[in-house]
Amino acid sequence: MAVGTEGERVGRWGRAVELNPMLATVTPFTSDDRLDTGALSDYLSFLDESGARTILVNGTTGEFPALTVAERKSVLEFTRSHWRGQLIAHIGTSAVGDAIELLDHAHDHADAVAAIAPYYFAEPPEAGIRQYFGILLERTKLPLLVYNFPRHTQALITPMLLGILAAEYPMLVGVKDSGTDRGITRGYADTGLSVFVGSDGAAAHIAEHGALGIVSGGGSPVPELPVRIAQALRAGDHDEAVRWQAIFDDCRALRRRSGLTDPAFVKAALTERIPGFPVDVRPPLVAADSVQRKSGPTCG
């Protein structure tokens, strides 16, 4: 179900996101489990100096299920005060009331929002998923990205459902697809919405999937890699993009071999780039231990 050209939809948001990677940020904690604003400030400066221009806060890499609503607001407020680029706030939760509260708060602090499907209730009726997103899309004053991550939610957002929502709600501008079925990704693109793939391995190959860019969580320790890939693509130099992609793929392989969860690996790797960056994560995740940190969970 086509709902308008890609250019028309992106135009509602601004073309600043085109071909630019979105970096999904981590949430640094102090040793006594509070938000570490000093580390967050250093981290945002690091991303900015790398050339990153669009970030997504309070996403999966940011450990959003382990944050309270108040903490998610604090992260967004602090980030807005220290970030000059495009800022996307993830507002998705299992409780629609919490999502509404986060959406209303984001209106004053973000350039756009993203929302994952409700999770815990496995394989919910599609009508219920449609109702959930409809409530948010009816209310939002900001462009909204639907966030598809069926491995965690056990709720696939089908291309047909996405098209139905887009036809009814003009503030729906696209989808962040962290699924693994590229047939689904192509189906999203066929709706005319903007598609952002949640896989670092797709950075140099977005055109093959009909995507506009990637959302990278694993790229945080090496943000220059997705940035350089995007620069090469904008210049029409696919060979250069593939060359940088090969280096990025080495980083991805190292992450898989580490045995760490993505947030734990990313935080450990960031200590190699930002002196004193905390490795702490919240349960049920486990931080990298001294042996894992000493092994050098980084790449370049």
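Against which elements do the buried residues of helix 10 pack? They pack against strand 8, helix 9 (224-234) and helix 11. Here buried means under 20% relative accessible area, exposed over 50% and partly exposed in between, with a 1.4 Å probe and protein chains only; contact means heavy atoms within 4.5 Å. Helices (H or I, at least four residues) and strands (E, at least two) are DSSP runs, numbered from the N terminus.

This is a predicted model, in which local features need pLDDT of at least 70 and side-chain atom pairs count only at pLDDT 80 or more, while totals for chains, interfaces and linings use all residues. Residues are numbered from 1 along each chain as its sequence is written, and side-chain values use heavy atoms, with hydrogens and water left out.

**Helix 10**

Select helix 10 (238-258). Colour its buried residues: Ala241, Trp244, Gln245, Phe248, Cys251, Ala253 and Arg255. Gly259, which follows the helix, has a positive phi near 80°.

Next, centre on Gln245 in helix 10, which is buried at 2% relative accessible area. Beyond residues up to four places away in sequence, Gln245 touches Asp200, Gly201, Ala202, Ala203, Ala204, His205 and Ile229.

**Strand 8**

Move to Ser216 in strand 8, a buried residue with a relative accessible area of 0%. The side chains of Ser216 and Asp200 are joined by a polar contact of 2.6 Å (a pair of N or O atoms within 3.5 Å; within protein, one must be able to donate a hydrogen and the other to accept it, and residues adjacent in sequence count only if both atoms are side-chain atoms). Leaving aside neighbours within four places in sequence, the contacts of Ser216 are Met22, Leu23, Ala24, Asp200 and Phe248.

**Backbone details in the loops**

Select Asn58, in the loop between strand 2 (54-57) and helix 3 (69-82). Asn58 has a positive phi near 65° and is buried, with a relative accessible area of 2%. Asp33 lies in the loop between strand 1 (22-24) and helix 2 (37-50). Phi of Asp33 is positive too, near 70°, but Asp33 counts as partly exposed at 39% relative accessibility.

Finally, select Pro283 and Pro284, which are joined by a cis peptide bond with omega of about 10°. Pro284 is in the loop between helix 11 and helix 12 (290-294).
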